[in-house]
Amino acid sequence: NCAFGSGLCNWTNSNQDDFDWILHEGATKSNFTGPNASTRSNHDCHFIAGPYAYVEASEPRMPGDKAILVGPVLRGQVCMRFKYHMYGDHVGSLTVYKHGSGVQRHQMWRRTGNRGNIWRDAYVNFRCDGPLFQVEIEAIVNGWRSDIAIDEITFDHSICPVNCNFDDGHMCKWRNVGGDQFDWKLWKGSTPSRYTGPTSD
């Protein structure tokens, strides 16, 4: 488990990428991208100082450059939980991969684009079949407003809870059924009618 309070813990920067993840506290150096603080807050819900890992997308970075963190060796049924922050007009992608001896690099989780100036929760299930494996977290930038951050990574030998926030534009394992009058639909931003419904996620 790692909240980056004493370095990268048992994570390492890969030598098969273009640049490195770095530790930081407070706001990133570019406006309109990156978090303002770590995920941790006090009892008054005010964010407090603490480090997180992030990729800095400013020069000399170029669109398409990637940074990869390589995690510890794991085995068995594992639930990975972490916080992520993807805010900025040029945000690229954040992807979790599984790889190891006899295991081809396989995408397990992915988010793309601007997700707003908030920390979000991620859950990734790794099934118990197969040999030892490692986890890689890959960030790809797409311009200077493309800072991506992660924090509070944990691994448990359990199955992750069912989690669906509809951010990927699909219904997860939920579905509309026939025999009713109308369907639930996915939406972004304000609903079409004034004075009713949410204005955003």
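Mentor: Asp156 is partly exposed, with a relative accessible area of 32%. Here buried means under 20% relative accessible area, exposed means over 50%, and partly exposed lies in between, using a 1.4 Å probe and protein chains only. Two notes before we go on. This is a predicted model, in which local features need pLDDT of at least 70 and side-chain atom pairs count only at pLDDT 80 or more, while totals for chains, interfaces and linings use all residues. Residues are numbered from 1 along each chain as its sequence is written, and side-chain values use heavy atoms, with hydrogens and water left out.

Now place the residue. Asp156 belongs to strand 10. Strands (E, at least two residues) and helices (H or I, at least four) are DSSP runs, numbered from the N terminus.

Look at its neighbours. Leaving aside residues up to four places away in sequence, Asp156 touches Gln77, Val78, Cys79 and Arg81. Touching means contact, with heavy atoms within 4.5 Å. With Arg81 there is also a polar contact, side chain to side chain, at 2.6 Å. A polar contact is a pair of N or O atoms within 3.5 Å; within protein, one must be able to donate a hydrogen and the other to accept it, and residues adjacent in sequence count only if both atoms are side-chain atoms. For a sense of span, take Gly88. It is 68 residues from Asp156 along the chain, and their C-alpha atoms are 31 Å apart.

A disulfide joins Cys79 to Cys160, S to S 2.0 Å. The torsion about that S-S bond is 110°, and the link is right-handed. Cys79 sits in strand 5 and Cys160 in the segment after strand 10, so the pair ties together parts that are 81 residues apart in sequence. Both Cys79 and Cys160 are buried. A disulfide is counted when two cysteine sulfur atoms lie within 2.5 Å. By that rule there are two.

Cys2 is buried at 3% relative accessible area, whereas Cys9 is partly exposed at 38%. Cys9 lies in the segment before strand 1. Its phi is positive, about 60°, although it is not a glycine. Phe4 is found in the segment before strand 1 too. Its phi is near 65°, a positive value in a residue other than glycine. Phe4 is buried, at 1% relative accessibility. Most residues other than glycine have a negative phi, and most peptide bonds are trans. Glu59 and Pro60 are joined by a cis peptide bond, with omega about 15°. Pro60 is in the loop between strand 3 and strand 4.

Rings of Phe, Tyr and Trp (its six-membered ring) pair if their centres lie within 6.5 Å; planes under 30 degrees apart count as stacked, over 60 as edge-to-face and the rest as tilted. Trp11 and Phe155 have ring centres 6.1 Å apart and planes at 20°, so they are stacked. Trp11 lies in the segment before strand 1 (12-13) and Phe155 in strand 10, so the pair ties together parts 144 residues apart in sequence. Trp11 is buried at 3%, and Phe155 is buried at 15%. Next come Phe82 and Tyr84. Their ring centres are 6.3 Å apart and their planes at 55°, so this pair is tilted. Phe82 is buried at 3%, and Tyr84 is buried at 0%. Elsewhere, ring pairs link Tyr52, Tyr54 and Trp119 into a cluster.

Last, the core. A nonpolar core is a set of buried Ala, Val, Leu, Ile, Met, Phe, Trp, Tyr and Cys residues joined through side-chain atoms within 4.5 Å. The largest has 32 residues, and those with the most contacts inside it are Trp21, Met80, Phe82, Leu94, Ile137 and Ile150. Among the elements giving two or more residues to this core are strand 5 (78-86) and strand 10 (148-156). Strand 5 gives the most, with five residues.
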